[in-house]
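Reader: Please take me through one residue of this model closely, and then through the parts of the structure around it and beyond. Give the cut-offs as you go.

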Amino acid sequence: MGMTISEKILAAHAGRDRVVPGELIEVDVDFALANDITAPISIDRFRRAGAKKVFDPERLALVPDHFVPNKDIDSAIQCKLLRDFAEEHNLPYYFEVGRMGIEHALLPEQGLVVPGDVVVGADSHTCTYGALGAFATGVGSTDLAAVMITGRIWFRVPSTIKFVYEGELRPWVTGKDLILYTIGRIGVDGARYRAMEFTGSAIAELSMDQRLTMANMAIEAGAKNGIIAPDVVTRVYVDDRARRPARYYESDADASYDQVVPIDVSTIEPQVAVPHSPANVRPVSEVGRIPIHQVVIGSCTNGRLEDLRLAAEVLRGRRVAAGVRCLIIPATQAIYRQAMEEGLFTTFLEAEAAISTPTCGPCLGGHMGILAPGERAVATTNRNFVGRMGHPQSEVYLSSPAVAAASAVLGRVASPTEL
Amino acid sequence: MMILRGRAWKFGADVDTDLIIPARYLNTSDPKELAKHCMEDADPAFVGKVSPGDFIVAGNNFGCGSSREHAPIAIKAAGVSCVVAAGFARIFYRNAFNLGLPILESAEAAEAAKTGDELEVDLATGQITNLSQGRTYQAQPVPPFMQELLAAGGLMPHVMKRLAGGGT
C-alpha cells in the first residue's frame, strides 16, 4: 500500500520508512512561527521552563501582524515582548513594521517555508503553506514553546480526504470560490483531524496565489492540514526564493484515502459564505439583495498580488457606492510596492477605496475597520463567526476579491457580472 | 480533585474560539482579564452566572477556529472545571491537555444535559453522572499519551522532564 503526500512528509521527518493514519509520532520541525497574539504566551512558557536558547534561530519567525501598527498600549507591550525576545536570541526572522507582512503571505514570499517541510505555527492559518507541498499545521502557544526549545513535536498521523477538481472554471471563479464551495459541502467539521489533499486538472491550472488561498482555509473545515502536490507552478514559485533546499513529494497512485470527493468546477459560480459560518455557503446569485456598509480586501487568505489585481480589474473606472467603506490591505510590503508600481493604487484611489499598510487588523475584529451593531461587511477574509469583525450584532459575508469589489461598487452583495 | 462536581452550562455545536474569547480582548494574555470575557459573545451574562467548578457542556467541534490558547486559558480562569462536549476541534484539544484543562468527549452526556443540571465527573474513569437526571455516561477514553501529559502536569513539564532525562 502506498502513502499520501502528507504521510510521506511525516514519515521522513519521523525518521521512518512509513507511517499510517492514527499513529502517534514525533517529528522534526523545519520551520516554526508565531505572531503578536500567540508569541507572548510561548515566550512566557519558554522562560518559565528555564530554556536558554531557541533550537535553531534560523528556523523561527516572529511576525507581529495582528494588532500592528500597534493598536493600543497593551498591543504595543505584546509586540515589544517579541522584539526583545528576537534581539535576545539573535533571531534573523523577526519582521518589524515597514518590513513585515501578514505571516502566511510573508513566509512563502520570502522563501522561508519550502516544499517538503514540516511547518508548525501558533496560528490556525499555518495550513496555508500546504499549497507549496509542505505539511503545515496550526498549534497553540504552549505547543509552539515546546518546539522553540526542542525543534520537535508530536502528531497523530491524519487520514486524508482527497478532493479532485475537474473541469473549466467559469469567469470570475477563483481558488477562493473552490474552497468556499468545498467547505460548504463538507461542513466546518467535515475534515476534522484529517488532511485535505487538493488535486485534479483544475488545481493544476491555478496560480500559486490561488492555491495558497485554498490551503489557507482547510482549517475552516476542521482539517489538520491542506496540501497540494508540487508541480511546475510550485517549482517556478520556489526556485527564485527558497532559502533552504526543497523536497518534492507526491502521493502514490495506490495511497489510501478516507474518502475521494470529485468536484466538477464547471458548475460552480462565485460563492459567498453568509453569516455566521464559513460552511454557510451559497452561489452569489442566491444570496439575495443584502445592503452592505464595508468591504475588506486583504488578509492571509486574499491579500496577495493576484487578489489586488482582480479587485482592480473590477474597480477600474468605477466608484465605491455611497455609504460603503472599501478597505484594501496588501498583505506584505513587497505586494504593496508591486501593486503601487503596477498602478493598482491609482485605480483604488480613483474608486475612493482606502489603502492600508499590511495588517490582519479587521479580519479578526482587531482594528482598522471594526463594524458597529447592525453593520454588514463583505470580506475576502476567512471567518464570519459572530463578532468576528466587531460588534456581535454585525455580520460578515466571505467572498473572493472580485465579488468583494463588485459588492463595494453596488453597495450590496453582488457578482462582477452584474456590473 | 479527580471527582468534579458542579452545574452544567449548555452551548450548541461548533462553538468557535471567537465566541469563547473575542479577539478584541487578545491584547493581553493575563488569565484574570481573559476570564472576564469568557463566552461573552455566546452569552454575555455567562461570567456573572458561572460558579467555580461548573461545567461547560457543548455539541460537536467545540473550540473550532483560531489557535488562540487564550480560549482554554479564559475557560480555566473563569472557574470552569471541565468541558464535556460531543467532540473537540483539534487545536483546542491539544491546547486543553497542554494547559491541564480537563475535557471529556461524550455525545450522549452532552446531548442530554440541560443548563442547570448538576453533574459529577470522575476524571480517573471518565464517568459522567448527571445527578439531576439520574443518568450515567462513559466518556471516550483519554489516549495513553494524553494521560502521560496530564500526569506530568501539562506539556512543558513533560518536555523539560524528558530533556533533563536526556531522552529524545
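Author: Two residues are in contact if their C-beta atoms, placed from the backbone, lie within 7 Å. The model is predicted: local features need pLDDT of at least 70, side-chain atom pairs count only at pLDDT 80 or more, and totals for chains, interfaces and linings use all residues. Residues are numbered from 1 along each chain as its sequence is written, while chains are lettered from A and ligands numbered from 1 in the order in which they are written.

Leaving aside residues up to four places away in sequence, Y25(B) touches L34(B) and H37(B). Y25(B) sits in the loop between helix 1 and helix 2 (31-35) of chain B; helices (H or I, at least four residues) and strands (E, at least two) are DSSP runs, numbered from the N terminus. Y25(B) counts as partly exposed because it has 17 C-beta neighbours inside 10 Å. On this scale 20 or more other C-beta atoms within 10 Å make a residue buried, 12 or fewer make it exposed, and partly exposed lies in between. From Y25(B) to G48(B) is 23 residues in sequence and 18 Å in space, C-alpha to C-alpha.

Chain B also has an open sheet of 7 strands in the order 4-3-2-1-5-6-7, with mixed pairing. Strand 4 (103-105) and strand 7 (135-138) of chain B each have a single partner strand and stand at the edges, so one side of each lacks a neighbour in the sheet. Two strands pair if DSSP finds at least two bridges between them. Strand 5 (residues 118-122) and strand 6 (residues 127-130) of chain B run antiparallel and are joined by 4 bridges. L119(B) stands opposite N130(B) in strand 6 of chain B.

The contact between the chains takes 32 residues from chain B and 41 residues from chain A. On the side of chain B, two or more residues each come from helix 1 (17-20), helix 5 (90-99) and helix 8 (155-164) of chain B. Helix 5 of chain B gives the largest share of that side, 6 residues.

In chain A, helix 12 (residues 333-341) has I335(A), Y336(A) and A339(A) buried. These cover an arc of only 105° around the axis, which puts them on the same side of helix 12 of chain A; the arc is that of the directions from the helix axis to the C-beta atoms. The face turned away from this buried side carries the exposed residues R337(A) and E341(A).
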